[in-house]
Amino acid sequence: MTAGKQARPAATKTTASIALTVASFTSTQFAGAIKIPTLDRSHSDRVLLREDALRHPVGGEEEEDDCEADGDPEEEEHEDLRDREPPPDGAEREDERHRGDRRQDAVCSHVRHLGPQDHRVPGDYGCVARSKCSPGVPSDMETLLLANEDVDANTPMAELVAAIRDAFVAYERGNAQMPAKSYIDLPQYNGDFRSMPAYLSTDEWDAAGIKWVNVHPDNPDSFDLPTVMGTMIYSDPENAYPLAIMDGTELTMKRTGAAAAVATDALAVEDATSLGIVGAGVQSYTQLEAISEVRDITEVVVSDLREERVERFVARFGDEFDVRGGTISEAGHCDVLSTVTPVEDPIVGPRDLGPHTHVNAMGADAAGKHELADEVLLAATLVIDDYAQTTHSGEINVPWSAGTLGDDDIYGEIGEIVAGEKTGRTAADDVTVFDSTGLAIQDVAAAHVVYAHASERENGTAFGLLGV
Ligand SMILES: NC(=O)C1=CN([C@@H]2O[C@H](COP(=O)(O)OP(=O)(O)OC[C@H]3O[C@@H](n4cnc5c(N)ncnc54)[C@H](O)[C@@H]3O)[C@@H](O)[C@H]2O)C=CC1
Ligand SMILES: CC(=O)C(=O)O
(Lines give C-alpha, C1' and ligand atoms only; values in the text may rest on other atoms or scores of the structure.)
(Ligands and ions follow the chains in the order given, each with its own letter.)
Protein backbone atom coordinates (compact mmCIF):
# COMPACT_ATOMS: atom_id res chain seq x y z
CA MET A 1 0.00 0.00 0.00
CA THR A 2 1.29 3.43 -0.87
CA ALA A 3 2.56 5.58 1.96
CA GLY A 4 -0.09 7.93 3.23
CA LYS A 5 -2.99 5.83 2.05
CA GLN A 6 -5.97 6.03 4.36
CA ALA A 7 -9.20 4.18 4.74
CA ARG A 8 -12.28 5.78 3.29
CA PRO A 9 -15.28 4.09 4.91
CA ALA A 10 -18.78 5.20 4.04
CA ALA A 11 -19.28 6.60 7.49
CA THR A 12 -16.97 9.50 6.72
CA LYS A 13 -19.18 10.73 3.90
CA THR A 14 -20.99 13.95 4.59
CA THR A 15 -24.15 13.35 6.52
CA ALA A 16 -26.57 14.67 3.93
CA SER A 17 -25.26 12.71 1.03
CA ILE A 18 -24.68 9.42 2.76
CA ALA A 19 -28.08 9.53 4.39
CA LEU A 20 -29.71 9.80 1.02
CA THR A 21 -27.46 7.19 -0.46
CA VAL A 22 -28.40 4.64 2.13
CA ALA A 23 -32.01 5.60 2.51
CA SER A 24 -33.16 5.45 -1.04
CA PHE A 25 -32.54 3.30 -4.00
CA THR A 26 -35.65 4.69 -5.65
CA SER A 27 -35.80 7.91 -7.53
CA THR A 28 -37.51 10.63 -5.57
CA GLN A 29 -35.22 13.63 -5.86
CA PHE A 30 -35.88 15.57 -9.01
CA ALA A 31 -35.62 19.01 -10.41
CA GLY A 32 -33.24 20.89 -12.54
CA ALA A 33 -31.35 23.97 -12.95
CA ILE A 34 -31.21 26.58 -15.60
CA LYS A 35 -34.12 28.83 -15.07
CA ILE A 36 -37.21 29.75 -16.97
CA PRO A 37 -36.40 33.44 -17.07
CA THR A 38 -40.00 34.55 -17.04
CA LEU A 39 -40.30 33.29 -13.52
CA ASP A 40 -37.41 34.59 -11.59
CA ARG A 41 -34.74 37.08 -12.39
CA SER A 42 -32.39 35.93 -9.67
CA HIS A 43 -32.49 32.32 -10.69
CA SER A 44 -31.89 33.02 -14.31
CA ASP A 45 -28.67 34.68 -13.23
CA ARG A 46 -27.27 31.23 -12.84
CA VAL A 47 -27.12 30.33 -16.50
CA LEU A 48 -23.43 30.13 -17.12
CA LEU A 49 -21.71 30.69 -20.41
CA ARG A 50 -18.05 30.10 -20.38
CA GLU A 51 -17.46 30.94 -23.97
CA ASP A 52 -18.70 34.42 -23.55
CA ALA A 53 -16.08 35.00 -20.93
CA LEU A 54 -13.45 33.74 -23.30
CA ARG A 55 -14.58 36.37 -25.78
CA HIS A 56 -14.66 39.03 -23.07
CA PRO A 57 -11.71 38.85 -20.73
CA VAL A 58 -12.38 38.77 -17.05
CA GLY A 59 -12.41 42.20 -15.53
CA GLY A 60 -15.01 43.86 -17.71
CA GLU A 61 -18.36 45.00 -16.40
CA GLU A 62 -19.85 45.46 -19.85
CA GLU A 63 -23.45 44.44 -20.27
CA GLU A 64 -25.31 43.46 -23.40
CA ASP A 65 -28.99 43.35 -24.08
CA ASP A 66 -29.04 40.23 -26.15
CA CYS A 67 -27.91 36.71 -25.70
CA GLU A 68 -26.66 35.72 -29.09
CA ALA A 69 -23.82 33.29 -28.97
CA ASP A 70 -21.30 33.60 -31.76
CA GLY A 71 -18.93 30.93 -30.60
CA ASP A 72 -18.93 27.31 -31.47
CA PRO A 73 -18.59 25.47 -28.19
CA GLU A 74 -17.00 22.41 -29.66
CA GLU A 75 -14.93 22.89 -32.73
CA GLU A 76 -13.90 19.31 -32.76
CA GLU A 77 -16.15 16.97 -34.63
CA HIS A 78 -17.11 13.73 -33.02
CA GLU A 79 -18.22 10.45 -34.44
CA ASP A 80 -19.96 7.63 -32.70
CA LEU A 81 -20.25 3.97 -33.56
CA ARG A 82 -23.19 4.55 -35.77
CA ASP A 83 -21.38 6.57 -38.41
CA ARG A 84 -23.43 9.67 -38.12
CA GLU A 85 -22.33 12.74 -39.99
CA PRO A 86 -20.55 15.33 -37.88
CA PRO A 87 -23.12 17.74 -36.52
CA PRO A 88 -23.43 21.06 -38.29
CA ASP A 89 -22.76 24.15 -36.33
CA GLY A 90 -25.64 24.62 -33.96
CA ALA A 91 -26.21 28.23 -34.87
CA GLU A 92 -26.60 27.26 -38.49
CA ARG A 93 -29.18 24.64 -37.66
CA GLU A 94 -31.61 27.12 -36.26
CA ASP A 95 -33.67 27.32 -39.42
CA GLU A 96 -34.11 23.59 -39.57
CA ARG A 97 -35.92 23.39 -36.30
CA HIS A 98 -39.29 24.23 -35.02
CA ARG A 99 -39.12 26.91 -32.44
CA GLY A 100 -41.89 28.51 -30.48
CA ASP A 101 -41.84 32.29 -30.53
CA ARG A 102 -42.74 32.43 -26.90
CA ARG A 103 -39.82 30.26 -26.02
CA GLN A 104 -37.48 32.71 -27.65
CA ASP A 105 -38.81 35.33 -25.28
CA ALA A 106 -38.40 33.00 -22.40
CA VAL A 107 -34.90 31.93 -23.27
CA CYS A 108 -33.55 35.28 -24.20
CA SER A 109 -31.95 37.31 -21.69
CA HIS A 110 -29.16 39.53 -20.93
CA VAL A 111 -25.54 38.76 -20.60
CA ARG A 112 -23.52 40.08 -17.74
CA HIS A 113 -19.77 39.79 -18.03
CA LEU A 114 -18.07 38.75 -14.90
CA GLY A 115 -15.97 41.16 -12.98
CA PRO A 116 -12.85 40.06 -11.12
CA GLN A 117 -14.85 39.37 -8.01
CA ASP A 118 -16.80 36.77 -9.91
CA HIS A 119 -13.81 34.91 -11.22
CA ARG A 120 -13.33 31.53 -9.71
CA VAL A 121 -11.16 28.51 -10.14
CA PRO A 122 -11.78 25.75 -10.91
CA GLY A 123 -14.82 25.77 -13.15
CA ASP A 124 -14.65 29.30 -14.35
CA TYR A 125 -17.47 29.31 -16.82
CA GLY A 126 -17.15 32.97 -17.55
CA CYS A 127 -20.24 35.03 -17.76
CA VAL A 128 -23.73 34.75 -16.50
CA ALA A 129 -26.82 35.08 -18.64
CA ARG A 130 -29.89 36.42 -16.93
CA SER A 131 -33.40 37.26 -17.84
CA LYS A 132 -34.67 40.74 -18.39
CA CYS A 133 -38.16 39.42 -17.91
CA SER A 134 -40.07 40.01 -14.72
CA PRO A 135 -41.31 37.32 -12.45
CA GLY A 136 -44.88 36.54 -13.27
CA VAL A 137 -47.56 33.96 -13.66
CA PRO A 138 -46.09 30.90 -15.31
CA SER A 139 -47.53 30.50 -18.76
CA ASP A 140 -46.53 29.29 -22.17
CA MET A 141 -43.73 27.25 -20.73
CA GLU A 142 -41.98 24.96 -23.11
CA THR A 143 -39.60 22.07 -22.82
CA LEU A 144 -36.53 21.86 -25.02
CA LEU A 145 -36.06 18.59 -26.86
CA LEU A 146 -32.36 18.08 -27.52
CA ALA A 147 -31.35 15.30 -29.87
CA ASN A 148 -28.02 13.57 -30.11
CA GLU A 149 -26.47 16.18 -32.38
CA ASP A 150 -27.68 19.00 -30.14
CA VAL A 151 -26.00 17.44 -27.13
CA ASP A 152 -22.84 16.85 -29.11
CA ALA A 153 -22.71 20.40 -30.46
CA ASN A 154 -23.39 22.04 -27.12
CA THR A 155 -20.92 20.28 -24.87
CA PRO A 156 -17.53 21.96 -25.06
CA MET A 157 -15.27 19.39 -23.45
CA ALA A 158 -13.05 21.78 -21.48
CA GLU A 159 -16.10 23.34 -19.89
CA LEU A 160 -17.62 19.94 -19.21
CA VAL A 161 -14.48 18.75 -17.43
CA ALA A 162 -14.65 21.84 -15.20
CA ALA A 163 -18.34 21.24 -14.49
CA ILE A 164 -17.73 17.60 -13.58
CA ARG A 165 -14.93 18.67 -11.25
CA ASP A 166 -17.31 21.12 -9.59
CA ALA A 167 -19.92 18.40 -9.26
CA PHE A 168 -17.45 16.15 -7.44
CA VAL A 169 -16.59 19.02 -5.12
CA ALA A 170 -20.26 19.79 -4.46
CA TYR A 171 -20.91 16.17 -3.61
CA GLU A 172 -17.94 16.00 -1.29
CA ARG A 173 -19.09 19.13 0.53
CA GLY A 174 -22.60 17.83 1.03
CA ASN A 175 -24.12 20.15 -1.55
CA ALA A 176 -25.66 17.39 -3.57
CA GLN A 177 -28.38 14.82 -3.21
CA MET A 178 -27.78 11.61 -5.07
CA PRO A 179 -29.39 8.31 -4.20
CA ALA A 180 -27.21 5.45 -5.35
CA LYS A 181 -27.91 4.30 -8.89
CA SER A 182 -30.81 1.86 -8.87
CA TYR A 183 -30.88 -1.17 -11.15
CA ILE A 184 -33.57 -3.20 -12.87
CA ASP A 185 -31.84 -6.40 -13.90
CA LEU A 186 -32.98 -8.18 -17.04
CA PRO A 187 -30.84 -11.34 -17.24
CA GLN A 188 -33.19 -12.77 -19.86
CA TYR A 189 -31.98 -9.97 -22.16
CA ASN A 190 -28.41 -9.81 -20.83
CA GLY A 191 -29.05 -6.23 -19.82
CA ASP A 192 -30.31 -3.84 -17.22
CA PHE A 193 -31.95 -0.45 -16.71
CA ARG A 194 -30.66 2.13 -14.25
CA SER A 195 -32.27 5.27 -12.85
CA MET A 196 -30.00 8.09 -11.84
CA PRO A 197 -31.50 11.18 -10.17
CA ALA A 198 -29.53 13.98 -8.57
CA TYR A 199 -29.58 17.57 -7.43
CA LEU A 200 -26.42 19.58 -6.91
CA SER A 201 -25.56 23.12 -5.97
CA THR A 202 -22.23 24.75 -6.74
CA ASP A 203 -21.12 28.25 -5.77
CA GLU A 204 -22.70 29.64 -8.92
CA TRP A 205 -25.48 27.36 -10.10
CA ASP A 206 -27.70 24.55 -9.06
CA ALA A 207 -29.19 21.87 -11.20
CA ALA A 208 -31.19 18.68 -11.09
CA GLY A 209 -32.47 15.89 -13.25
CA ILE A 210 -32.68 12.20 -13.83
CA LYS A 211 -31.15 9.87 -16.39
CA TRP A 212 -32.83 6.64 -17.42
CA VAL A 213 -30.14 4.48 -18.94
CA ASN A 214 -29.41 0.87 -19.82
CA VAL A 215 -26.50 -1.45 -20.42
CA HIS A 216 -27.18 -4.21 -22.96
CA PRO A 217 -23.83 -5.55 -24.20
CA ASP A 218 -25.44 -7.62 -26.97
CA ASN A 219 -27.08 -4.60 -28.54
CA PRO A 220 -24.39 -3.78 -31.15
CA ASP A 221 -24.42 -7.29 -32.61
CA SER A 222 -28.07 -8.18 -32.10
CA PHE A 223 -29.84 -4.90 -32.79
CA ASP A 224 -27.27 -2.52 -34.27
CA LEU A 225 -27.86 -0.36 -31.23
CA PRO A 226 -25.37 1.00 -28.70
CA THR A 227 -24.72 -0.98 -25.54
CA VAL A 228 -25.60 2.08 -23.47
CA MET A 229 -28.54 4.38 -24.30
CA GLY A 230 -29.95 7.08 -22.10
CA THR A 231 -32.62 9.73 -21.79
CA MET A 232 -32.09 12.72 -19.56
CA ILE A 233 -34.83 14.85 -18.01
CA TYR A 234 -33.48 18.17 -16.87
CA SER A 235 -35.77 20.12 -14.56
CA ASP A 236 -35.95 23.42 -12.75
CA PRO A 237 -35.15 22.78 -9.09
CA GLU A 238 -37.27 25.69 -7.95
CA ASN A 239 -40.56 24.76 -9.53
CA ALA A 240 -39.83 21.33 -11.02
CA TYR A 241 -40.64 22.38 -14.58
CA PRO A 242 -39.00 20.02 -17.13
CA LEU A 243 -36.69 22.42 -18.93
CA ALA A 244 -35.29 19.86 -21.32
CA ILE A 245 -35.42 16.28 -22.41
CA MET A 246 -32.17 15.33 -24.04
CA ASP A 247 -30.27 12.40 -25.46
CA GLY A 248 -28.56 10.74 -22.55
CA THR A 249 -26.46 8.50 -24.80
CA GLU A 250 -24.18 11.25 -26.03
CA LEU A 251 -24.40 12.85 -22.62
CA THR A 252 -23.12 9.66 -21.00
CA MET A 253 -20.19 9.39 -23.39
CA LYS A 254 -19.14 12.97 -22.75
CA ARG A 255 -19.48 13.00 -18.99
CA THR A 256 -17.79 9.61 -18.63
CA GLY A 257 -14.80 10.92 -20.53
CA ALA A 258 -14.85 14.10 -18.47
CA ALA A 259 -14.81 12.14 -15.20
CA ALA A 260 -11.75 10.22 -16.38
CA ALA A 261 -10.13 13.53 -17.26
CA VAL A 262 -10.73 14.95 -13.79
CA ALA A 263 -9.20 11.84 -12.23
CA THR A 264 -6.30 11.85 -14.67
CA ASP A 265 -5.57 15.46 -13.83
CA ALA A 266 -5.46 14.58 -10.15
CA LEU A 267 -3.61 11.27 -10.35
CA ALA A 268 -1.50 10.94 -13.49
CA VAL A 269 2.08 12.10 -13.74
CA GLU A 270 2.21 15.73 -14.76
CA ASP A 271 4.17 15.08 -17.92
CA ALA A 272 1.98 12.24 -19.18
CA THR A 273 2.04 12.08 -22.97
CA SER A 274 0.78 8.57 -23.75
CA LEU A 275 -2.68 7.08 -23.29
CA GLY A 276 -3.67 3.43 -23.56
CA ILE A 277 -7.27 2.37 -24.05
CA VAL A 278 -8.57 -1.15 -23.58
CA GLY A 279 -12.00 -1.56 -25.14
CA ALA A 280 -12.53 0.45 -28.31
CA GLY A 281 -16.29 0.73 -28.00
CA VAL A 282 -18.57 3.73 -27.72
CA GLN A 283 -17.12 5.09 -24.48
CA SER A 284 -13.50 4.92 -25.65
CA TYR A 285 -13.69 7.97 -27.93
CA THR A 286 -14.46 10.47 -25.22
CA GLN A 287 -11.71 9.02 -23.04
CA LEU A 288 -9.20 10.38 -25.50
CA GLU A 289 -11.13 13.57 -26.21
CA ALA A 290 -11.40 14.44 -22.54
CA ILE A 291 -8.04 13.24 -21.23
CA SER A 292 -6.24 15.18 -23.92
CA GLU A 293 -7.79 18.29 -22.35
CA VAL A 294 -5.79 17.78 -19.16
CA ARG A 295 -2.56 16.21 -20.42
CA ASP A 296 -0.57 16.77 -23.58
CA ILE A 297 -1.32 13.37 -25.08
CA THR A 298 0.56 12.62 -28.26
CA GLU A 299 0.74 8.81 -28.35
CA VAL A 300 -2.25 6.47 -28.09
CA VAL A 301 -2.35 2.65 -27.98
CA VAL A 302 -5.77 1.05 -28.31
CA SER A 303 -6.59 -2.60 -27.65
CA ASP A 304 -9.77 -4.55 -28.33
CA LEU A 305 -10.76 -8.11 -29.07
CA ARG A 306 -12.33 -6.86 -32.27
CA GLU A 307 -9.94 -5.60 -34.85
CA GLU A 308 -12.56 -3.53 -36.66
CA ARG A 309 -13.12 -1.46 -33.52
CA VAL A 310 -9.42 -0.77 -33.24
CA GLU A 311 -9.29 0.21 -36.90
CA ARG A 312 -12.23 2.51 -36.52
CA PHE A 313 -10.70 4.21 -33.51
CA VAL A 314 -7.37 4.65 -35.30
CA ALA A 315 -9.15 6.07 -38.33
CA ARG A 316 -11.04 8.55 -36.18
CA PHE A 317 -8.01 9.95 -34.38
CA GLY A 318 -5.14 9.18 -36.74
CA ASP A 319 -4.89 12.75 -37.94
CA GLU A 320 -4.60 14.19 -34.45
CA PHE A 321 -2.52 11.67 -32.52
CA ASP A 322 0.12 9.04 -33.05
CA VAL A 323 -2.42 6.26 -32.54
CA ARG A 324 -2.03 2.52 -33.14
CA GLY A 325 -3.51 -0.80 -32.12
CA GLY A 326 -1.63 -2.89 -29.56
CA THR A 327 -1.85 -5.46 -26.81
CA ILE A 328 -3.36 -4.79 -23.40
CA SER A 329 0.14 -4.72 -21.96
CA GLU A 330 1.29 -2.15 -24.52
CA ALA A 331 -1.70 0.00 -23.68
CA GLY A 332 -1.04 -0.49 -19.98
CA HIS A 333 2.52 0.73 -20.23
CA CYS A 334 1.34 4.15 -21.33
CA ASP A 335 1.35 6.96 -18.76
CA VAL A 336 -2.43 6.75 -18.54
CA LEU A 337 -4.68 3.75 -19.21
CA SER A 338 -8.46 3.77 -19.52
CA THR A 339 -10.24 0.42 -19.41
CA VAL A 340 -13.73 0.50 -20.91
CA THR A 341 -14.88 -3.07 -21.31
CA PRO A 342 -17.77 -5.00 -19.70
CA VAL A 343 -15.63 -7.98 -18.65
CA GLU A 344 -16.16 -9.97 -15.48
CA ASP A 345 -12.80 -11.73 -15.48
CA PRO A 346 -9.90 -9.33 -15.05
CA ILE A 347 -7.89 -8.64 -18.18
CA VAL A 348 -5.22 -6.27 -16.78
CA GLY A 349 -2.61 -7.78 -14.47
CA PRO A 350 0.33 -6.22 -12.61
CA ARG A 351 2.75 -6.95 -15.43
CA ASP A 352 0.54 -5.14 -17.90
CA LEU A 353 1.18 -1.77 -16.29
CA GLY A 354 4.10 0.62 -16.19
CA PRO A 355 5.63 1.66 -12.86
CA HIS A 356 3.65 4.92 -12.69
CA THR A 357 0.64 4.25 -14.89
CA HIS A 358 -2.57 5.91 -13.84
CA VAL A 359 -5.55 3.67 -14.62
CA ASN A 360 -9.08 4.92 -15.16
CA ALA A 361 -11.16 1.80 -14.54
CA MET A 362 -14.36 2.87 -16.29
CA GLY A 363 -15.94 -0.38 -17.47
CA ALA A 364 -17.14 -1.92 -14.22
CA ASP A 365 -20.48 -0.37 -13.41
CA ALA A 366 -22.54 -3.36 -12.32
CA ALA A 367 -22.16 -6.12 -9.78
CA GLY A 368 -19.79 -8.80 -11.05
CA LYS A 369 -17.85 -6.64 -13.50
CA HIS A 370 -14.11 -6.62 -12.90
CA GLU A 371 -11.37 -5.44 -15.29
CA LEU A 372 -8.25 -5.22 -13.12
CA ALA A 373 -6.59 -8.06 -11.24
CA ASP A 374 -6.95 -7.88 -7.47
CA GLU A 375 -3.15 -7.56 -7.14
CA VAL A 376 -3.34 -4.34 -9.15
CA LEU A 377 -6.07 -2.90 -6.97
CA LEU A 378 -4.37 -3.89 -3.74
CA ALA A 379 -1.01 -2.42 -4.73
CA ALA A 380 -2.36 0.80 -6.21
CA THR A 381 -3.33 4.09 -4.70
CA LEU A 382 -7.03 3.47 -5.14
CA VAL A 383 -9.48 6.32 -5.63
CA ILE A 384 -13.21 5.75 -6.05
CA ASP A 385 -16.07 7.97 -7.20
CA ASP A 386 -18.60 6.97 -4.52
CA TYR A 387 -18.35 4.43 -1.75
CA ALA A 388 -21.88 3.02 -2.00
CA GLN A 389 -21.74 2.64 -5.76
CA THR A 390 -18.21 1.30 -6.08
CA THR A 391 -18.64 -1.33 -3.40
CA HIS A 392 -21.88 -2.41 -5.05
CA SER A 393 -20.97 -2.24 -8.71
CA GLY A 394 -17.58 -0.65 -9.36
CA GLU A 395 -14.20 -2.12 -10.16
CA ILE A 396 -13.71 -3.09 -6.53
CA ASN A 397 -17.12 -4.74 -6.07
CA VAL A 398 -15.94 -8.31 -6.59
CA PRO A 399 -12.87 -8.30 -4.28
CA TRP A 400 -14.68 -6.06 -1.77
CA SER A 401 -17.63 -8.47 -1.58
CA ALA A 402 -15.23 -11.38 -1.20
CA GLY A 403 -13.34 -9.61 1.56
CA THR A 404 -10.14 -9.61 -0.46
CA LEU A 405 -10.12 -5.83 -0.53
CA GLY A 406 -11.30 -3.72 2.37
CA ASP A 407 -12.01 -0.11 3.19
CA ASP A 408 -8.42 0.35 4.34
CA ASP A 409 -7.29 -0.28 0.78
CA ILE A 410 -9.25 2.72 -0.51
CA TYR A 411 -7.24 5.92 -0.45
CA GLY A 412 -10.23 8.20 -0.91
CA GLU A 413 -12.94 9.56 -3.15
CA ILE A 414 -12.19 11.72 -6.15
CA GLY A 415 -14.26 14.52 -4.58
CA GLU A 416 -11.91 14.64 -1.60
CA ILE A 417 -8.96 15.16 -3.88
CA VAL A 418 -10.46 17.79 -6.15
CA ALA A 419 -11.89 19.59 -3.12
CA GLY A 420 -8.34 19.76 -1.72
CA GLU A 421 -9.01 17.58 1.28
CA LYS A 422 -6.57 14.91 0.17
CA THR A 423 -3.58 15.10 -2.08
CA GLY A 424 -3.58 13.68 -5.57
CA ARG A 425 -0.51 11.95 -6.97
CA THR A 426 2.64 12.40 -4.96
CA ALA A 427 6.21 11.38 -5.71
CA ALA A 428 5.64 8.31 -3.54
CA ASP A 429 2.84 7.01 -5.73
CA ASP A 430 3.33 4.21 -8.19
CA VAL A 431 0.27 2.89 -9.96
CA THR A 432 -2.90 4.84 -9.27
CA VAL A 433 -6.42 3.62 -10.04
CA PHE A 434 -9.64 5.58 -10.40
CA ASP A 435 -12.69 3.35 -9.96
CA SER A 436 -15.55 5.05 -11.81
CA THR A 437 -19.09 3.75 -11.63
CA GLY A 438 -20.66 6.88 -13.14
CA LEU A 439 -22.52 9.29 -10.90
CA ALA A 440 -25.85 11.00 -11.48
CA ILE A 441 -24.28 14.32 -10.52
CA GLN A 442 -22.08 13.95 -13.61
CA ASP A 443 -25.17 13.73 -15.79
CA VAL A 444 -26.84 16.70 -14.13
CA ALA A 445 -23.72 18.82 -14.44
CA ALA A 446 -23.36 17.83 -18.08
CA ALA A 447 -27.02 18.59 -18.75
CA HIS A 448 -26.48 21.99 -17.16
CA VAL A 449 -23.73 22.76 -19.66
CA VAL A 450 -25.72 21.43 -22.62
CA TYR A 451 -28.88 23.31 -21.73
CA ALA A 452 -27.07 26.59 -21.17
CA HIS A 453 -25.48 26.48 -24.59
CA ALA A 454 -28.40 24.98 -26.46
CA SER A 455 -30.90 27.50 -25.14
CA GLU A 456 -28.52 30.36 -25.73
CA ARG A 457 -27.98 29.26 -29.32
CA GLU A 458 -31.64 28.35 -29.75
CA ASN A 459 -30.84 24.80 -30.72
CA GLY A 460 -33.31 21.98 -30.28
CA THR A 461 -37.07 21.83 -30.51
CA ALA A 462 -39.24 23.62 -27.98
CA PHE A 463 -42.62 22.16 -27.26
CA GLY A 464 -45.37 22.44 -24.70
CA LEU A 465 -45.00 19.13 -22.94
CA LEU A 466 -47.22 19.90 -19.98
CA GLY A 467 -49.60 22.41 -21.52
CA VAL A 468 -49.13 24.93 -18.73
N1 LIG B 1 -18.09 4.40 -15.53
C2 LIG B 1 -19.07 4.94 -16.24
O3 LIG B 1 -19.51 6.05 -15.96
C4 LIG B 1 -19.63 4.21 -17.41
C5 LIG B 1 -19.30 2.91 -17.65
N6 LIG B 1 -19.79 2.25 -18.75
C7 LIG B 1 -19.38 0.87 -18.95
O8 LIG B 1 -18.26 0.86 -19.83
C9 LIG B 1 -18.22 -0.37 -20.55
C10 LIG B 1 -18.07 -0.09 -22.03
O11 LIG B 1 -19.22 0.59 -22.49
P12 LIG B 1 -19.38 0.90 -24.06
O13 LIG B 1 -18.13 1.44 -24.62
O14 LIG B 1 -20.62 1.71 -24.19
O15 LIG B 1 -19.61 -0.56 -24.61
P16 LIG B 1 -19.30 -1.14 -26.07
O17 LIG B 1 -20.05 -2.41 -26.17
O18 LIG B 1 -19.57 -0.09 -27.07
O19 LIG B 1 -17.74 -1.40 -26.05
C20 LIG B 1 -17.10 -2.39 -25.27
C21 LIG B 1 -15.84 -2.80 -25.99
O22 LIG B 1 -15.08 -3.66 -25.14
C23 LIG B 1 -14.50 -4.64 -25.97
N24 LIG B 1 -14.10 -5.78 -25.19
C25 LIG B 1 -14.89 -6.69 -24.58
N26 LIG B 1 -14.14 -7.62 -23.96
C27 LIG B 1 -12.84 -7.28 -24.17
C28 LIG B 1 -11.60 -7.83 -23.79
N29 LIG B 1 -11.54 -8.96 -23.07
N30 LIG B 1 -10.47 -7.24 -24.19
C31 LIG B 1 -10.51 -6.11 -24.95
N32 LIG B 1 -11.67 -5.54 -25.34
C33 LIG B 1 -12.81 -6.11 -24.96
C34 LIG B 1 -15.59 -4.95 -26.97
O35 LIG B 1 -15.10 -5.62 -28.13
C36 LIG B 1 -16.11 -3.56 -27.27
O37 LIG B 1 -15.43 -2.97 -28.35
C38 LIG B 1 -19.49 -1.11 -20.17
O39 LIG B 1 -19.22 -2.05 -19.16
C40 LIG B 1 -20.39 -0.02 -19.64
O41 LIG B 1 -21.37 -0.52 -18.78
C42 LIG B 1 -20.59 2.89 -19.66
C43 LIG B 1 -20.95 4.19 -19.45
C44 LIG B 1 -20.55 4.94 -18.29
C1 LIG C 1 -24.61 3.38 -17.73
C2 LIG C 1 -24.38 3.92 -16.39
O3 LIG C 1 -24.45 3.24 -15.42
C4 LIG C 1 -24.05 5.32 -16.27
O5 LIG C 1 -24.33 6.10 -17.19
O6 LIG C 1 -23.50 5.72 -15.24
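The legends below describe close-up views of a predicted model.

In this predicted model, local features need pLDDT of at least 70 and side-chain atom pairs count only at pLDDT 80 or more, whereas totals for chains, interfaces and linings use all residues. Residues are numbered from 1 along each chain as its sequence is written, and chains are lettered from A and ligands numbered from 1 in the order in which they are written.

View 1. The protein contains 16 helices and 20 strands; helices (H or I, at least four residues) and strands (E, at least two) are DSSP runs, numbered from the N terminus. Of its 468 residues, 57% are buried, a residue being buried if 20 or more other C-beta atoms lie within 10 Å of its own, exposed if 12 or fewer, and partly exposed in between, with C-beta atoms placed from the backbone. Among contacts between residues at least 6 apart in sequence, 76% join residues at least 24 apart; two residues are in contact if their C-beta atoms, placed from the backbone, lie within 7 Å. The protein is divided into domain 1 (15–78 + 85–252 + 442–463) and domain 2 (256–441), with bounds that come from an automatic or database domain assignment.

**View 2. The contact between the domains.** Domain 1 and domain 2 are the two parts into which the protein is divided. Their contact takes 34 residues from domain 1 and 27 residues from domain 2. On the side of domain 1 that touches domain 2, the elements giving two or more residues are helix 6 (157–172), strand 8 (191–201), strand 9 and helix 16 (440–456). Helix 6 supplies the largest share of that side, eleven residues. By class, the residues of this side of domain 1 are 22 nonpolar, five polar and seven charged; Ala, Val, Leu, Ile, Met, Phe, Trp, Tyr, Cys and Pro count as nonpolar, Asp, Glu, Lys and Arg as charged, and the others, Gly among them, as polar.

**View 3. The largest nonpolar core.** A nonpolar core is a set of buried Ala, Val, Leu, Ile, Met, Phe, Trp, Tyr and Cys residues joined through C-beta atoms within 7 Å. The largest one has 112 residues, of which L200, V262, V433 and I441 touch the most other members. This core draws at least three residues from each of domain 1 and domain 2. Not counting residues up to four places away in sequence, L200 touches A167, A170, Y171, N175, A176, D206, A207, I441, V444 and A445. In soluble globular proteins, nonpolar side chains tend to be buried together.

View 4. Strand 8 and strand 9 (residues 206–215) form a hairpin with four residues between them, and pair in the antiparallel sense over ten bridges; two strands pair if DSSP finds at least two bridges between them. Within this pair, D192 stands opposite V215 in strand 9. Six bridges join strand 9 to strand 10 in an antiparallel arrangement, where I210 stands opposite I233 and W212 stands opposite T231. T231 also has D247 of strand 11 as a bridge partner. Strand 10 and strand 11 (residues 242–247) run antiparallel, joined by five bridges; they form a hairpin with six residues between them, and A240 in the turn has a positive phi of about 75 degrees. Nine of the ten residues of strand 9 are buried, so strand 9 is largely enclosed by the rest of the structure. Strand 10 (residues 230–235) is likewise largely enclosed, because five of its six residues are buried.

**View 5. The shell around ligand 1.** Ligand 1 is surrounded by 29 residues, the closest being G279, G281, Q283, P342 and G438; a residue is near a molecule or strand if its C-beta atom, placed from the backbone, lies within 6 Å of it. The shell comprises 13 nonpolar, twelve polar and four charged residues. Both domain 1 and domain 2 give residues to this shell, so ligand 1 lies between them.

**View 6. Ligand 2 and V228.** The residues around ligand 2 are R194, V213, V215, V228, T252, D365 and G438. This shell has three nonpolar, two polar and two charged residues. V228 is in the loop between helix 7 (219–223) and strand 10, and is buried, with 23 other C-beta atoms within 10 Å. Not counting residues up to four places away in sequence, V228 touches V213, N214, V215, T249, T252 and V282. The C-alpha atoms of V228 and Q283 are separated by 9.1 Å, although these residues are 55 apart along the chain.
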